[in-house]
Amino acid sequence: MIAYDDALKIIRETILPKEPGTEKIFLTDAVGRICAENPVAGLDIQPFDNSAMDGFAVHLSDLATASTASPVKLKKNGIIAAGQDTDGITLENGTCWHVMTGAPLPAGTEAIIPVENVTIENDIVAFTEKPA
């Protein structure tokens, strides 16, 4: 085993560039290299708010009293799939929208509740917990 200071010296000599300065290289040649600046994407992908999971778009206030003993039941307005246009679709109080992974969110969405955490019966969705 070597001393901490000796190990730190070896690491610094190994990972730090030998010569000061930066260079521009192809991304494919960057493996094992240190980036001199934070990379910034030219555009957002996706350029809209979207769901990271299959679930239900809701207002937080609608689920304020949700519990296992007293589930909150909301009317499902419909399903929004990835790639679907949601212009003009707004989440109304007392309702929810079923959204698929990657789907754009209806205006007014404050949270997505995973589909695994609800019970669905026809067009009524029962929520038994408050969003975290």
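User: What share of the 132 residues in the protein chain is buried?

Analyst: This is a predicted model, where local features need pLDDT of at least 70, side-chain atom pairs count only at pLDDT 80 or more, and totals for chains, interfaces and linings use all residues. Numbering starts from 1 along each chain as its sequence is written, and side-chain values use heavy atoms, leaving out hydrogens and water. Buried means under 20% relative accessible area, with a 1.4 Å probe and protein chains only. On that basis, the buried share of the protein chain is 24%.

User: What radius of gyration does the protein chain have?

Analyst: The radius is taken over C-alpha atoms, and the globule rule is 2.2 Å times the number of residues to the power 0.38. For a compact globule of 132 residues that would be near 14 Å, but the protein chain has 24 Å.

User: Which pattern does the protein chain follow along the sequence?

Analyst: Helices (H or I, at least four residues) and strands (E, at least two) are DSSP runs, numbered from the N terminus. Read in order, they give α-β-β-β-β-β-β.

User: Which residue in E6 is the bridge partner of Lys-73?

Analyst: Strands pair if DSSP finds at least two bridges between them. E2 (residues 72–80) and E6 (residues 124–127) run antiparallel, joined by four bridges. The partner of Lys-73 there is Ala-126.

User: And in E3, which residue is the bridge partner of Ile-80?

Analyst: E2 and E3 (residues 95–99) run parallel, with four bridges joining them. Ile-80 has as its partner in E3 Val-99.

Methods:
Buried < 20%, exposed > 50% of the residue type's maximum accessible area, 1.4 Å probe, protein only.
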